[in-house]
Amino acid sequence: MPLPLRVPPDADDHDLARFLKARNYDLQAAKQMWEGMISWRRENRVDNIHEWFVFHERSEYEKVFPTGLHKTDKEGHPVLIQQLGRVNIGALYKVTTDDRIRMAHIAENEQMRRTVFPACSYRAGRPVDKLFTIIDLEGIAFTSVMRTTSILKMYMQMDSNNYPETLARMAIINAPGWFSTSWSAIKGVLNGETVKKIEILGKDYQAALLRHIPRENLLTQYGGTSAGSLTDNIGPWQEP
């Protein structure tokens, strides 16, 4: 499959392979997906996003939507933790807007592919281009679930369309019994292979996480021995 005329910064044949895999190696479908991604990047000025977008409200945002990277799993994938259950919807929209949340997510994805994945690859001694994600629903209120999960759906749809095959595994923990209804709506935007990588867990999740993440790399609040906080952003990407 020849490279299109326009490619994202640092894109290579490996990136094209991810799009091919996402479309079950259907060349025409993969080409259409790639061209859609290129158009999306152009419309959102993604190639130089770090030159013009600054998430000034990050410190306040993280107080009402705690999220961050914390070390790596057993295969060297960076671990992203999003405490969706602690999102205060009322406070969130006093701090920022849906559009700025969207742009911040794009900026973080670009940081991932340009800095985090290369650092993890260097540490592992092999290519690392996928993410282990923990979505923590502890404390989620039924009254705000639609607004809260709409953010998760937006993230997943954007990533599936424009950053395919970058999810190693996702664990949704502390999921209340009624979450299955919301999950049915969310997984509708995902392809079948992505859905297979996602595990819905209740409160008995520690053993499942420790199958994939070394105890010393998992935060203490999730059953590991790694001290610190969610926003410390500890990992190979911080090493000189």
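This briefing describes a helix pair and a strand sheet in a predicted model. Local features need pLDDT of at least 70 and side-chain atom pairs count only at pLDDT 80 or more, while totals for chains, interfaces and linings use all residues. Residues are numbered from 1 along each chain as its sequence is written, and side-chain values use heavy atoms, with hydrogens and water left out.

**Helices H6 and H7**

- The axes of helix H6 (residues 98-124) and helix H7 (residues 145-162) cross at roughly 45 degrees and come within 11 Å; axes are lines fitted to C-alpha atoms, for helices over the stretch in contact, and angles run from 0 to 180 degrees between N-to-C directions.
- Helices (H or I, at least four residues) and strands (E, at least two) are DSSP runs, numbered from the N terminus.
- In the contact (heavy atoms within 4.5 Å), Ile101, Arg102, His105, Ile106 and Asn109 of H6 meet Ile151, Met154, Tyr155, Met158 and Asp159 of H7.
- The residues of this contact of H6 with H7 comprise six nonpolar, two polar and two charged; Ala, Val, Leu, Ile, Met, Phe, Trp, Tyr, Cys and Pro count as nonpolar, Asp, Glu, Lys and Arg as charged, and the others, Gly among them, as polar.

**The sheet**

- Five strands in the order S1-S2-S3-S4-S5 form an open sheet with mixed pairing; two strands pair if DSSP finds at least two bridges between them.
- Strand S1 (67-72) and strand S5 (198-200) each have a single partner strand at the edges, so one side of each lacks a neighbour in the sheet.
- Strand S2 (residues 78-82) pairs with strand S3 (residues 131-136) in the parallel sense over four bridges.
- Val79 stands opposite Phe132 in S3.
- H6 packs on the sheet and touches S1, S2 and S3, its direction making about 130 degrees with that of S2.
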